[in-house]
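I am opening my notebook on a new model and want to write down what I look up, entry by entry.

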Amino acid sequence: MKASAARILVLHGPNLNLLGTREPGVYGHTTLQGINEALTALAKELPVELRIVQSNSEGALVDAIQGAIADCDGILINPAAYTHTSVAIRDAIAATGLPAVEVHLSNVHAREPFRSHSYIAPIAVGQICGFGPDSYLLGLRALAGRLGK
Ligand code: DQA
């Protein structure tokens, strides 16, 4: 019998819907749609199944994370600015008990000091940052590997 593919929730936090035009010197020119297309192509290859959600709202992100308990095996998340502020998102991820990988386009450790602190990193499997859109692809590979795919 063929083993079923791992299911991964991909979460994009606030302002990532503006990628492509948002501070291109920091975040590059790739749009969120471009990142999602690259993730979808890699997911087919691995293979894993993706559910992709973007929200500017902390509560909606918490709801999506809670929703993963029912039908996902792992979480790939760029919490964006909520990385540095959100105990609620950290607690939600911890509550799922699912492995989570934190990703960032920019190298958050080479920017303003407040970006070096992540509420998410201590409860994540790991953090990948600084590789632009490739941070997501590296994160997806790492999470799929962790899930045995
Ligand atoms: C970001 C880094 C965060 O500090 C910032 O608030 C973002 C994007 C990144 O992907 O580099 O919105 O998560």
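How many disulfides does a search of the whole structure find? I noted before looking that I am working with a predicted model, and the search of the whole structure then gave me zero disulfides. For my own understanding I wrote beside this that a disulfide is a covalent bond between the sulfur atoms of two cysteines.

I then turned to the charged side chains. I reminded myself that side chains of opposite charge can pair when their charged atoms come close. Counting over the structure, I found five salt bridges, and I followed up some of them in the entries below.

My entry on glutamate 45 says that its salt bridge partner is arginine 141, with 3.5 Å between the closest N and O atoms. I traced where the two residues sit, and the pair links distant parts of the chain, since glutamate 45 belongs to helix H2 (residues 32-45) while arginine 141 belongs to helix H5 (residues 134-146), 96 residues apart. Buried or exposed, I asked, is glutamate 45? With a relative accessible area of 55%, glutamate 45 is exposed, whereas arginine 141, at 43%, counts as partly exposed.

My entry on arginine 51 records a salt bridge with the side chain of aspartate 71, at 3.1 Å from N to O. This pair, too, links distant parts of the chain, with arginine 51 in strand S2 (residues 48-54) and aspartate 71 in helix H3 (residues 58-71), 20 residues apart.

My last entry concerns glutamate 112, which forms a salt bridge with arginine 115, the closest N and O atoms lying 2.6 Å apart. Glutamate 112 is partly exposed, with a relative accessible area of 33%, but arginine 115 has a value of 17% and therefore counts as buried, the cut-off being under 20%.

Terms used: Residues are numbered from 1 along each chain as its sequence is written. This is a predicted model: local features need pLDDT of at least 70, side-chain atom pairs count only at pLDDT 80 or more; totals for chains, interfaces and linings use all residues. Side-chain values use heavy atoms; hydrogens and water are left out. A disulfide is a pair of cysteine sulfur atoms within 2.5 Å. A salt bridge is a side-chain nitrogen of Lys or Arg within 4 Å of a carboxyl oxygen of Asp or Glu. Helices (H or I, at least four residues) and strands (E, at least two) are DSSP runs, numbered from the N terminus. Buried means under 20% relative accessible area, exposed over 50%, partly exposed in between (1.4 Å probe, protein chains only).
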